[in-house]
Amino acid sequence: MKSLLLLVLISICWADHLSDNYTLDHDRVIHLQAENGPRLLVEAEQAKVFSHRGGNVTLPCKFYRDPTAFGSGIHKIRIKWTKLTSDYLKEVDVFVSMGYHKKTYGGYQGRVFLKGGGDNDASLVITDLTLEDYGRYKCEVIEGLEDDTAVVALDLQGVVFPYFPRLGRYNLNFHEAQQACLDQDAVIASFDQLYDAWRGGLDWCNAGWLSDGSVQYPITKPREPCGGQNTVPGVRNYGF
């Protein structure tokens, strides 16, 4: 255990970069309905949306019902938004709506509401975005025994940078690395953020913590002692 802790001791941080507007990635997440499949379809028109800290963003989600299906329109529609954790095994409640009853949870209280762009619109608006709002969100729509989901990723515009503590390399455990990033007005970076930074040219031959508990580093110019000159560029992974 001590040898592992000695190996993974710096952190890779992510800080936001303010922008006046957010843009949308026009990928689509669509659930295909089989002939005898469910009578409720949920889709996100964009797989990923972008914004910045302090801004507002809409997570798109719409649902479609088969009006000819037995029981359609009898039950109230229940809309539930949750945030997926890095291990995808747990979910954090964000917002629930059923008719006139609405509830928000945790740090989202007072900052989230349904867009309400139409009878089939389940899109969620998040205001006053924080760095911790970054991540993947699940939109779930339930009508009686029918339900379906769609997932939307929220990415905040910013920059990934390696952080070297004054103590030198490899002197931080995971929780200390998290705090070191917070002290720099940043959060510990995710793999997706590090990967995007590597694609943008980030080269750093020191392993650091990521938000999922893994230890990785980006190499654009293979060399000694960074894996060897004969290796390919990429994000190197020491594991968890």
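Predicted model: local features only at pLDDT ≥ 70, side-chain atom pairs only at ≥ 80, totals over all residues.
Strand β14 gives the largest share of the lining of the largest pocket, 5 residues.

By residue class, the lining holds 17 nonpolar, 7 polar and 7 charged residues.

Domain 1 covers 40-156, and domain 2 covers 174-239. Each supplies at least three residues to the lining of the largest pocket.

Now turn to the packing. The largest nonpolar core contains 30 residues. Within this core, L59, W81, L124 and V141 have the most contacts. Strands β4 (40-44), β6 (57-59), β8, β9 (91-98), β11 (112-114), β12 (124-126), β13 and β14 each bring at least two residues to the core. Again β14 stands out: with 4 residues, it gives the most to this core. So which residues does L124 touch, leaving aside those up to four places away in sequence? The partners of L124 are V57, T58, L59, W81, V94, F95, V112, F113 and L114. Two of these names, L59 and W81, are also listed with L124 for having the most contacts inside the core.

A separate core lies apart from the largest one. It has 16 residues, including L172, F174, Y217 and C226.

Next, a single residue. R65 sits in strand β7, which spans residues 62-65. Is R65 buried, partly exposed or exposed? R65 counts as partly exposed because its relative accessible area is 39%, and that class lies between under 20% for buried and over 50% for exposed. R65 also pairs up in space with L41. The two are 24 residues apart in sequence, yet their C-alpha atoms are 6.5 Å apart.

Finally, step back to the whole chain. It has 3 helices and 19 strands. Of its 240 residues, 44% are buried. Contacts reach across the sequence as well. Among those between residues at least 6 apart, 55% join residues at least 24 apart.

Terms used: Residues numbered from 1 in each chain as written. Heavy atoms only, no water. Nonpolar A, V, L, I, M, F, W, Y, C, P; charged D, E, K, R; others polar. Domains from an automatic or database assignment. Core = buried A, V, L, I, M, F, W, Y, C linked by side-chain atoms within 4.5 Å. Buried < 20%, exposed > 50% of the residue type's maximum accessible area, 1.4 Å probe, protein only. Contact = heavy atoms within 4.5 Å.
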